[in-house]
Structures are given as C-alpha cells and as structure tokens.
Amino acid sequence: VTGETEPSSEFHGYIVELSDEPLVVKREELEKEAQQNQGRPVARMFGGTTPANLEQKTATAGSSLTSKRETFKQNALQKLGKSRVTGTGNVIENNELKVSPIITSFISLFFPKTGAAIENSGTGELQVLGEYQNTFNGLALDITPEEAEEIKAISGVKAVYPNYKVN
C-alpha cells in the first residue's frame, strides 16, 4: 500500500473545463505586469497594473471568470433543454423554456401532441456539483454522457471529463 488514492471506474457527472485560464494564472500575469510598471506613473494613468491596484485587478479578473461561468450555465440550459440551474446556492431560470401550466393545458385541449411536448420540455434541472476558478476554471455537473457530448459544443468549453470517484 503506497498511501496514494486511485480513481475508480465509477464516476458522478462530468467536469467541464472552461477556456479562460484560472485565477492563479491571471494573478501571476498581473503580478509580472505590476512589477514591470512599478515606478511608471504613465502605466497607472492608462489603467495598467501597478502594485497599488493589483488586488483590484485580481478581483476584477475573478468577477470576469464568475460572469463567464454564469453565461456558460445559461448556454448549457438552452443546449440541454433544461429549465433551471440548481446546486450552487443560486437558481437560474431559463426564461425561454417557461410556459404557464394554464397555457400548456389549453394547448393540450386542441393539440394533444404539441401540449405534451411543451409540458415535457425544459422540465429538467442542470445540477451543479461544484464551481472552480482559482487553480482550475470550470464546473462539475450532474449530467449524462450524452449531455456531456452536447456540452462540448458550447462556446467557451475547453474540455469535458468524467468526474471519477476517488477511493
């Protein structure tokens, strides 16, 4: 026994890696820029990174990653025909898929197949198991293998991996 953990063949959902670099990489770039601009008042005047605004620039980069993850979630909702995102403390509704139950019932009276299709569309939830941005930029999602393939086609997705359980 070496004390190392080995991945099993079991997995729960998928990990989606987004194309933007994680925050630790961006922070390193900003630190280098701040060092180069130290003592250069022109850099500060034109919005360059300096030691004085390094923390603010890092926070802005983190906010940008968060915003892009939220955009990805909206795109995933639409691509997968899901109605909302759950599992991260926030619920994002896909407004394009919301249809009033009264309207669905009315449509079902006159067009049974159409009404049933509307009633069954977008009823699923996209469950987020975790969100990451510091050393890895992405999310863990509880999705099927078929949905993982569809996710790969969304703009801003770098890769999709099975979320293997570690014993």
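1. Start with helix α1: its residues L23, L30, A34 and N37 are buried, where buried means under 20% relative accessible area, exposed over 50% and partly exposed in between, with a 1.4 Å probe and protein chains only. Viewed down the axis of α1, the buried residues fall within an arc of 65 degrees, so they line one face of the helix; the arc is that of the directions from the helix axis to the C-beta atoms. On the face turned away from the buried side of α1, you will find the exposed residues Q35 and Q36. After α1 comes G39, with a positive phi near 80 degrees.

2. Please keep in mind that this is a predicted model, in which local features need pLDDT of at least 70, side-chain atom pairs count only at pLDDT 80 or more, and totals for chains, interfaces and linings use all residues. Residues are numbered from 1 along each chain as its sequence is written, and side-chain values use heavy atoms, with hydrogens and water left out.

3. How many helices and strands are there in the protein? There are six helices and six strands, and from the N terminus on they run β-α-α-α-β-β-α-α-β-β-α-β. Helices (H or I, at least four residues) and strands (E, at least two) are DSSP runs, numbered from the N terminus.

4. Now look inside. The largest nonpolar core has 18 residues, and V16, F72, L126, L141, I143, I151 and V157 have the most contacts inside it. Such a core is a set of buried Ala, Val, Leu, Ile, Met, Phe, Trp, Tyr and Cys residues joined through side-chain atoms within 4.5 Å. Among the elements that give two or more residues to this core are β1 (7-18), α3 (54-80) and β6 (157-166); α3 gives the most, with four residues.

5. Contact means heavy atoms within 4.5 Å.

6. Finally, a word on confidence. The protein averages a pLDDT (the predictor's confidence in each residue, from 0 to 100) of 80, and 72% of the residues score at least 70. Confidence is lowest in helix α5 (residues 112-120), at a mean of 41, and highest in α6, at 96. Over residues 90-104 the pLDDT is also below 50. Where pLDDT is low, the predicted coordinates should not be read in detail.
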